[in-house]
Amino acid sequence: VFPKASLVGVNRALTIPELRRDADAHQGERVVLGGVILVTTPKVGQTEIEVLSRPLGEADSPRRTDQSDGRFLVVTPDFLDPAVYSTGRRVSVLGTVTGGEERKLGELPYRYPVIRAERMYLWAEDLALGGYPYYGYPLVYGPPGFYWGGYWGPRFPGPLHPFWW
């Protein structure tokens with residue numbers, strides 16, 4: 001999703017657990033990370049996004065899975081509207097590690113790696129789809145006259161095929 005020229009120098013081997021252990025040792029390294037937005041907080045001169053990491057799939061898109069290596073913070077100098085960058089949206093980030101920050105997660109201390117965003121990609125919202133669609137009466141499944149009456153109705157109406165088989 002990011003231009004190839006912008007990916008030069010990216011350390012793809014760097015993981016969230018490594019960054020949580022010692023983000024200061026990796027300061028200045030460029031990474032591509034992704035996940036699900038938990039909170040977007042606009043501040044004076046910047047916007048901060050807390051992201052629950054997800055493994056990256058095709059085109060650096062965060063996979064739809066329950067697997068996560070932890071959380072990280074994304075900081076950008078731009079104003080990002082929390083209504084657009086809302087909870088549950090998937091995001092991919094190309095950025096530079098600026099260090100780590102310890103905060104409370106519930107009642108526990110949690111070490112967040114902080115990424116200064118160079119580029120971000122907000123993926124389309126996931127749609128909640130129901131089960132198999134059933135288009136019973138009055139809708140039909142084929143061209144007019146081919147199939148009507150739902151599951152038990154006549155398939156080929158006419159004197160030669162009076163039943164559904």
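**View 1. T47 in strand β2.** T47 belongs to strand β2, residues 46–53 (strands are DSSP runs of E with at least two residues, helices are runs of H or I with at least four, and both are numbered from the N terminus). The model is predicted: local features need pLDDT of at least 70 and side-chain atom pairs count only at pLDDT 80 or more, while totals for chains, interfaces and linings use all residues. Residues are numbered from 1 along each chain as its sequence is written, and side-chain values use heavy atoms, with hydrogens and water left out. T47 counts as buried because its relative accessibility is 0% (buried is under 20% relative accessible area, exposed over 50%, partly exposed in between, with a 1.4 Å probe and protein chains only).

View 2. The T47 side chain reaches two backbone atoms: the oxygen of D78 at 2.8 Å and the nitrogen of L80 at 3.1 Å. A polar contact is a pair of N or O atoms within 3.5 Å; within protein, one must be able to donate a hydrogen and the other to accept it, and residues adjacent in sequence count only if both atoms are side-chain atoms. Leaving aside residues up to four places away in sequence, T47 touches T40, T41, P42, V74, V75, T76, D78, F79 and L80 (contact means heavy atoms within 4.5 Å).

View 3. Strand β1 (residues 30–43) pairs with strand β4 (residues 90–105) in the antiparallel sense over seven bridges; two strands pair if DSSP finds at least two bridges between them. In this pairing L33 stands opposite V93 of β4. β4 also pairs in the antiparallel sense with strand β5 (residues 108–122), over 14 bridges, and here T96 stands opposite R116 of β5. β4 and β5 form a hairpin with two residues between them. In the turn, G106 has a positive phi of about 70 degrees.

**View 4. The largest pocket.** The volume of the largest pocket is about 260 Å³. Its lining has 15 residues, of which L14, V32, L33, R54 and L56 are the closest to the pocket centre. A pocket, on a 1 Å grid over the protein atoms alone, is an open set of points where a 1.4 Å probe fits, with protein on both sides within 12 Å along at least five of seven lines; lining residues have an atom within 4 Å of a point. Grid points are joined across faces, edges and corners, and the volume is the space filled by probe spheres set on the points. β1 gives the most to this lining, with three residues. The lining residues divide into six nonpolar, six polar and three charged (Ala, Val, Leu, Ile, Met, Phe, Trp, Tyr, Cys and Pro count as nonpolar, Asp, Glu, Lys and Arg as charged, the others, Gly among them, as polar).

View 5. Most residues other than glycine have a negative phi. A59 is not a glycine, yet its phi is positive, about 60 degrees; A59 is found in the loop between β2 and β3 (71–76). D60 lies in the loop between β2 and β3 and has a positive phi near 60 degrees. A59 is partly exposed, with a relative accessible area of 41%, whereas D60 is buried, at 11%.
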